[in-house]
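Here are my notes on the model you sent over.

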Amino acid sequence: MTPVLLAALSAGLLILAFPTPDLGWLAFVALVPLLLAIRGLAPVRAFYLGTLAGWLFYMVSVSWVTHSMMVYGGVPFAISMLTLVVLAAYLSLYFGLFAMGTSWMALAPWPLNLLVPSALWVSLEYLRTYALTGFPWILLGYTQYRHISLLPIASVAGVYGLSFLVVLINIALAQWLGGAPARFRSIVFAGALTLALLASPRLLSPPATSAGSEQAIRVALVQGNIDQGVKWDTAMQAATIERYRRLSMEATKDVPALIVWPETAVPFFLRYEPALQGRVLDIAAETGSYLLVGSPDAEPPAAANGGTRYHNSAFLISPKRELLSRYDKIHMVPFGEYVPLSSILSFVHKLAYGIGDFEGGRTYTIFDAPGGRFGVTICYEAIFPDQVRRHVKEGAEFLVNITNDAWFGRSAAPVQHLAMAALRAAENRRYLIRSANTGISAIVDPSGRILQASDIFVPAVITEQIRAERTHTFYTRYGDLFAWVCVIFIIAVFMARWARSIVRIAPVPASVSQRRTQ
């Protein structure tokens, strides 16, 4: 099979490993064809093959971008496709750099030729998490979100630890199939390192709390299924609130302490619409539950620079009709909630309809509810591991994610988004409850297991009893330490190899050459 076909095969296997079709076990062999294809190639040629594999993978896996732009952004098909092509090309560069680095280190002594590619992959994923505002969508470790036996690794090393493990096994298999001299040692070493990673949570994180040892709280999630096309129609505001009232009253049969509505479930400025606000406050009073609702918010023009500042917010309301506290979304979605470089890209319009550019909040608000304290992430924020960790560090005893995934349509994206949110529960050993406008709404336990999940594009109510957890995992305490170790390791190895190559090709001074011949 030609190198190009092998690269394409890797792309296809990776597509199958992610949701959907969700065949996560394929991730452990998905990179093998690409690794065999670049064997013996110059780093530049390896870069091209890696980029090809990445581009094919992302063209399929993030194809929901075109749907969002066309259906909800009114962007013509040609421009939305061009956007997908450019985005996939950018993301594919990380695959290319991985292939180039792996090729460059192919002749390195064992076990560097086994460890360097795995650490390099993690380093590149970590870079992608923050570069250009960050887009850590479907990192390789997310393929394992249903494999409960592996998820404890995330409580120490985050999702990056799972990515490292997947790449390590791919490298070991490729060396075995490629007839590498140390192939047997590589398989044994990969197995031993896998066992070490699986043992690390017991050694480095506190033991999980047993059921009943922490305070219990019953929660309810409401999935309104409001069509995105009419969501911001002022004529639909009363009907929208009535639907959420009906679903919330349905939830009261289980007597929840907290009812959660999705992101911008309240399609108006809650603080500035007294009549509509009154209806929402009445619902909290009727249910007798604390009510968390998503709503846009605005701050008056600041004296210093003028202009109204808009926020994507979550409000906690008490059964006594009190607005208790507010969280303003910190990490905005580029081109969804604001347009980066708007002075240059003035022809581009964001997808969020009817409101000016949103601005990020600055405070990791921790809400107090009967039974526990919780932190909220809004939509896209759940894919940033360190940001969710910050909420737990600030005192969150369980996590709430509110989102509006209607933008994605009936694509793989809602499942991809849920998979990423589920890892946040496993990393911090916290219950995560997730309310989505059109789905998927879900309850995830501290091990990362999805206990309940709704269908998409139907109204739904989910109730569950959860626990307020107070222990901090190694990941919660130290964050992306594992990723940083990989980054430092890669920098050190590559600098050492580069220095050796410089010494090897440096010309011998004439005076030294003359002395040698004397």
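1. T240 counts as buried, at 2% relative accessibility; the label means under 20% relative accessible area, with exposed being over 50% and partly exposed in between (1.4 Å probe, protein chains only). T240 is found in helix 10, which covers residues 237-251. Helices (H or I, at least four residues) and strands (E, at least two) are DSSP runs, numbered from the N terminus. Leaving out residues up to four places away in sequence, T240 touches I226, A265 and P267, where contact means heavy atoms within 4.5 Å.

2. A word on how to read these notes. This is a predicted model, in which local features need pLDDT of at least 70 and side-chain atom pairs count only at pLDDT 80 or more, while totals for chains, interfaces and linings use all residues. Residues are numbered from 1 along each chain as its sequence is written, and side-chain values use heavy atoms, with hydrogens and water left out.

3. Next, please look at I171 in helix 8 (residues 154-177). I171 is buried, with a relative accessible area of 4%. Its contacts, leaving aside neighbours within four places in sequence, are L35, N113, L114, P117 and S118. For a sense of distance, I171 and R246 are 75 residues apart in sequence and 54 Å apart in space, C-alpha to C-alpha.

4. The aromatic residues deserve a point of their own. Rings of Phe, Tyr and Trp (its six-membered ring) pair if their centres lie within 6.5 Å; planes under 30 degrees apart count as stacked, over 60 as edge-to-face and the rest as tilted. The count by this rule comes to 24 aromatic pairs. One of them joins Y380 and F384, edge-to-face, at 5.2 Å centre to centre with 75 degrees between the planes. Y380 is buried at 7%, and F384 is buried at 5% relative accessibility.

5. Which residues do ring pairs link into a cluster? They are F18, F57, Y58, F95, F98 and W121. Several of these names return at the largest cavity, whose lining consists of Y58, L91, Y94, F95, F98, W121, L124, E125 and R128. Helix 6 (77-104) and helix 7 (112-130) are the elements that give two or more residues to that lining.

6. On a 1 Å grid over the protein atoms alone, a cavity is a set of points where a 1.4 Å probe fits but cannot get out, and a pocket is an open set with protein on both sides within 12 Å along at least five of seven lines; lining residues have an atom within 4 Å of a point.

7. The elements giving two or more residues to its lining are helix 3 (32-37), helix 6, helix 7 and helix 8.

8. Backbone geometry is worth checking at a few places. Most residues other than glycine have a negative phi, and most peptide bonds are trans. A cis peptide bond joins T20 and P21, with omega about 20 degrees, and another joins W110 and P111, with omega about 5 degrees. P21 lies in the loop between helix 1 (3-17) and helix 2 (27-30), and D22, in the loop between helix 1 and helix 2, has a positive phi near 75 degrees. C379 also has a positive phi, about 55 degrees, although it is not a glycine; C379 is buried at 11% relative accessibility.

9. Finally, a hairpin. Strand 10 (residues 442-444) and strand 11 (residues 450-453) pair in the antiparallel sense over three bridges; pairing requires that DSSP finds at least two bridges between two strands. V444 stands opposite I450 in strand 11. Five residues lie between the two strands of the hairpin, and G448 in the turn has a positive phi of about 95 degrees.
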